[in-house]
Amino acid sequence: MIELPPLPYPKDALAPHISADTLSFHHDKHHKTYVETANKLIVGTEYEKLPLEQIITRAAKNAEHKKIFNNAAQAWNHNFYWHSMAPNGGGQPQGDLAKKIEADFGGFDKFRETFLAAGAGQFGSGWVWLTLANGKLKVLATANADNPLTHGEVPLIVSDVWEHAYYLDYQNRRPDYLATFFDKVANWKFAAENLAHPENATKAA
Ligand code: FE2
């Protein structure tokens, strides 16, 4: 049974950057539907009693289970996305995460530019992640429901670039949404915790 956890903050907590309307539709309709659909699909299958992370990595290897993968991965991705944002977020990361961004991207501004370009350049629906891949930080854009778990990478933070994440607030202006996500609501503490404890990152959501 896959759960729909409540949002980790009130619906109006990210306004005006992400409105209460957007969070209502996004969590209570879109996310909820992925969870309900995934649960219907796994009843009576080998997936029924598995933890969500294992449903995702196992279903990813079987083309016949694409629907299970899509809905289970979207359930997980959204859990991770809610924690990737925080009231009074944004600003700049501190400590080890800041040092590693400097070392692996050549500075915070370059990281920001890379993340925003990858998110804006993801054709159609998808996600843009900061990941840890073979010990190095990396920006990874994924299509539709795909996520770092299927790439053997550790997710640190994510932004949802499906239109439903920003259309009510930003219409077609995905780059504006991404810049606001990055500068105003990104939860760098969450990313730093995932970097410090990569073994827990896939369960962070
Ligand atoms: Fe979404």
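Which helix does His 27 lie in?

1. His 27 lies in helix α1. Helices here are DSSP runs of H or I with at least four residues, strands are runs of E with at least two, and both are numbered from the N terminus. The model is a predicted one: local features need pLDDT of at least 70, side-chain atom pairs count only at pLDDT 80 or more, and totals for chains, interfaces and linings use all residues. Residues are numbered from 1 along each chain as its sequence is written, and side-chain values use heavy atoms, with hydrogens and water left out.

2. His 27 is buried, at a relative accessible area of 7%. The classes, computed with a 1.4 Å probe on protein chains only, are buried under 20% relative accessible area, exposed over 50%, and partly exposed in between. The His 27 side chain makes a polar contact with the side chain of Asp 28, at 2.7 Å. A polar contact is a pair of N or O atoms within 3.5 Å; within protein, one must be able to donate a hydrogen and the other to accept it, and residues adjacent in sequence count only if both atoms are side-chain atoms.

3. Leaving out residues up to four places away in sequence, His 27 touches Leu 4, Pro 5, Pro 6, Leu 7, Lys 32 and Trp 82. Contact means heavy atoms within 4.5 Å.

4. Now the domains. The protein divides into domain 1 (20–83) and domain 2 (95–201). These bounds come from an automatic or database domain assignment. The C-alpha centres of the two domains lie 20 Å apart. In contact are 20 residues of domain 1 and 25 residues of domain 2.

5. Domain 1 and domain 2 bury about 1,700 Å² between them, with 69% of it on carbon and sulfur atoms. Buried area is the accessible area (1.4 Å probe) that two parts lose on being put together, summed over both. On the domain 1 side, Thr 22, Phe 80 and Tyr 81 lose the most area to domain 2, together 36% of what that side buries.

6. How many residue pairs are in polar contact between domain 1 and domain 2? The count is 10, with both residues at pLDDT 80 or more. Salt bridges between the two domains number zero. A salt bridge is a side-chain nitrogen of Lys or Arg within 4 Å of a carboxyl oxygen of Asp or Glu.

7. On the side of domain 1 that touches domain 2, the elements giving two or more residues are α1 (20–42), α2 (52–59) and α3 (66–83). Helix α3 gives the most, with 10 residues. That side divides into nine nonpolar, nine polar and two charged residues. Ala, Val, Leu, Ile, Met, Phe, Trp, Tyr, Cys and Pro count as nonpolar, Asp, Glu, Lys and Arg as charged, and the others, Gly among them, as polar.

8. The salt bridge count comes to eight. One of them joins Asp 183 and Arg 112, with the closest N and O atoms 2.7 Å apart. Asp 183 sits in helix α7 (residues 174–185) and Arg 112 in helix α5 (residues 108–121), 71 residues apart. Asp 183 is partly exposed at 31% relative accessibility, and Arg 112 is partly exposed at 24%.

9. Glu 153 forms a salt bridge with Lys 138, at 2.5 Å between the closest N and O atoms. Glu 153 is in the loop between β2 (136–143) and β3 (154–160), and Lys 138 is in strand β2. Glu 153 is buried at 9%, whereas Lys 138 is partly exposed at 30%.
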